[in-house]
Amino acid sequence: SRLSNTRASKAAYGVWGGVDKEGRDQVLALGTGPCFVANKGVNLEVGEYLIASDVPGAMELQPDNVYRNSTVAKAMQPVIWGPGETQRKIACIYLGG
């Protein structure tokens with residue numbers, strides 16, 4: 001596995017969750033937990049779909065509300081971007097897997 005840096009990558013299947021005690025990557029693909037969203041100039045509402053971003057390790061708003069093979073998660077917190085803010089950690093539902 002590797003961090004995605006391709007917007008709307010169909011290869012993205014989860015959110016990087018750190019490493020375990022043996023140094024292996026953990027991928028969070030089903031359930032709930034944190035994710036990073038990139039500021040692409042659009043605020044987020046609860047329930048909006050997220051896709052892989054061109055910002056490595058982050059997601060961004062999906063341009064429509066159709067579940068797709070590139071959909072990675074669903075936002076569970078609203079985001080109103082502040083001046084100079086580039087990304088934020090929010091709660092999400094993982095839709096990969």
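The side chains of T71 and Q62 are joined by a polar contact of 2.7 Å, a term for a pair of N or O atoms within 3.5 Å in which, within protein, one must be able to donate a hydrogen and the other to accept it, residues adjacent in sequence counting only if both atoms are side-chain atoms. The model is predicted, so local features need pLDDT of at least 70 and side-chain atom pairs count only at pLDDT 80 or more, whereas totals for chains, interfaces and linings use all residues. Residues are numbered from 1 along each chain as its sequence is written, and side-chain values use heavy atoms, with hydrogens and water left out.

T71 belongs to strand 6; strands (E, at least two residues) are DSSP runs numbered from the N terminus. T71 is buried, at a relative accessible area of 3%, where buried means under 20%, exposed over 50% and partly exposed in between, with a 1.4 Å probe and protein chains only. A polar atom of the T71 side chain also lies 2.9 Å from the backbone nitrogen of R68.

A8 has a positive phi of about 60° although it is not a glycine. This residue sits in the segment before strand 1 and is partly exposed, with a relative accessible area of 26%.

E60 also takes part in lining the largest cavity, together with A38, K40, V42, L44, L61 and W81. On a 1 Å grid over the protein atoms alone, a cavity is a set of points where a 1.4 Å probe fits but cannot get out, a pocket is an open set with protein on both sides within 12 Å along at least five of seven lines, and lining residues have an atom within 4 Å of a point. The largest cavity has a volume of about 30 Å³, a volume being the space filled by probe spheres set on grid points that are joined across faces, edges and corners. Its lining divides into five nonpolar, no polar and two charged residues; Ala, Val, Leu, Ile, Met, Phe, Trp, Tyr, Cys and Pro count as nonpolar, Asp, Glu, Lys and Arg as charged, and the others, Gly among them, as polar.

W81, one of these lining residues, has R88 over its face, at 5.6 Å from the ring centre; this requires NZ of Lys or CZ of Arg within 6 Å of the ring centre and within 35 degrees of the ring normal.

The structure holds one aromatic pair. Y49 and Y67 form this pair edge-to-face, 6.0 Å centre to centre and with 70° between the planes; rings of Phe, Tyr and Trp (its six-membered ring) pair if their centres lie within 6.5 Å, with planes under 30 degrees apart counted as stacked, over 60 as edge-to-face and the rest as tilted. Because Y49 lies in strand 4 and Y67 in the loop between strand 5 and strand 6, the pair ties together parts that are 18 residues apart in sequence. Y49 is buried at 18% relative accessible area, while Y67 is partly exposed at 47%.

The largest pocket holds about 600 Å³ of space. Of its 28 lining residues, R2, L3, S4, G14 and W16 are the closest to its centre. Strands 1, 2, 3 and 7 each give two or more residues to this lining, and the largest share, four residues, comes from strand 2. The lining comprises 16 nonpolar, nine polar and three charged residues.
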